[in-house]
Amino acid sequence: MSDGLLQGRRVVTTRPDAGDLERRLEHYGAAVVHLPLTNIVDVGVNTSVDESIDWLVVTSANGARRSEPWASRASHRCAVGPTSAAVLREVSGEIVDLVPENASGEDLVRSFPTAPSGGGHVVIVRGEQASGEVRTGIEQLGWRVTDVVTYRTQPIEVDQHIAEPASTSDLVLLAASSAATAWASICRTYGLSSPPVVVIGAPTAHTAEQEALQVAAIAEPSTIDGLVSATLKYFN
């Protein structure tokens, strides 16, 4: 592909930290506006896990970063996608036994094993606002599940003089449902019209549509690579 495919395009990225996504977009010539919409706050863990753990499951990289001491105690480990798996390996020092082909809660459940005849125990390390999709699906496979909530996502206050230039960009990339909610709220607060948005997966698309945002594309797969590919396809 030509390095200039996004030349002249202004793209807003909204993850808490700038990094590989922004570098990739700039490589293709985009003018990138990094506008963090949320940040991650640790919460006190009030869940005790004394019994053995057959599987440790993380549904985000933030959960993986906060997965100890449960990850190293587990017989097996599962991460929702490659980014989460890399963090989980680094944090626990252990192999990650299961990473679904597509980075989504639905595919995680689809690829997760059925519990043995005697049952078994799964610990899910997650954020406060995470949906119950993964827990429900794993329970339906016969497992007993313990949720360990280690963090919450909260919106960042964005001043109008920062929000207005972002609203005149060509595209906004949303990598979480919480970002979709936060961006829509900012637009409503200041009476702004949002550009089309590219979202990281179906749950984020659903939230964006509920918030009356125009979803231009859904990343396939639900990764940074997927977001970049969807952005390139949208403009070309």
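The model is predicted, so local features need pLDDT of at least 70 and side-chain atom pairs count only at pLDDT 80 or more, whereas totals for chains, interfaces and linings use all residues. Residues are numbered from 1 along each chain as its sequence is written, and side-chain values use heavy atoms, with hydrogens and water left out.

**Helix pair**

- Helix H8 (residues 177–190) packs against helix H9 (residues 202–210) at an angle of about 20°, their axes lying 8 Å apart; helices are DSSP runs of H or I with at least four residues, strands are runs of E with at least two, and both are numbered from the N terminus.
- H8 and H9 are therefore roughly parallel to each other, a term for angles under 35 degrees, and their crossing is right-handed.
- Ser-177, Ala-180 and Thr-181 of H8 make the contact with Pro-203, Thr-204, Thr-207 and Ala-208 of H9, where contact means heavy atoms within 4.5 Å.

**Open sheet**

- Five strands form an open sheet in the order E3-E7-E6-E4-E5, with mixed pairing; two strands pair if DSSP finds at least two bridges between them.
- Strand E3 (38–42) and strand E5 (76–79) are the edge strands, each pairing on one side only, and the twist averages 25° from one strand to the next.
- Strand E4 (residues 55–58) and strand E6 (residues 121–127) run parallel and are joined by four bridges, and Val-58 stands opposite Val-125 in E6.

Terms used: Axes fitted to C-alpha atoms, helices over the stretch in contact; angles between N-to-C directions. Parallel < 35°, antiparallel > 145°, perpendicular 65-115°, else oblique. Left-handed = near helix turned anticlockwise from the far one by under 90°.
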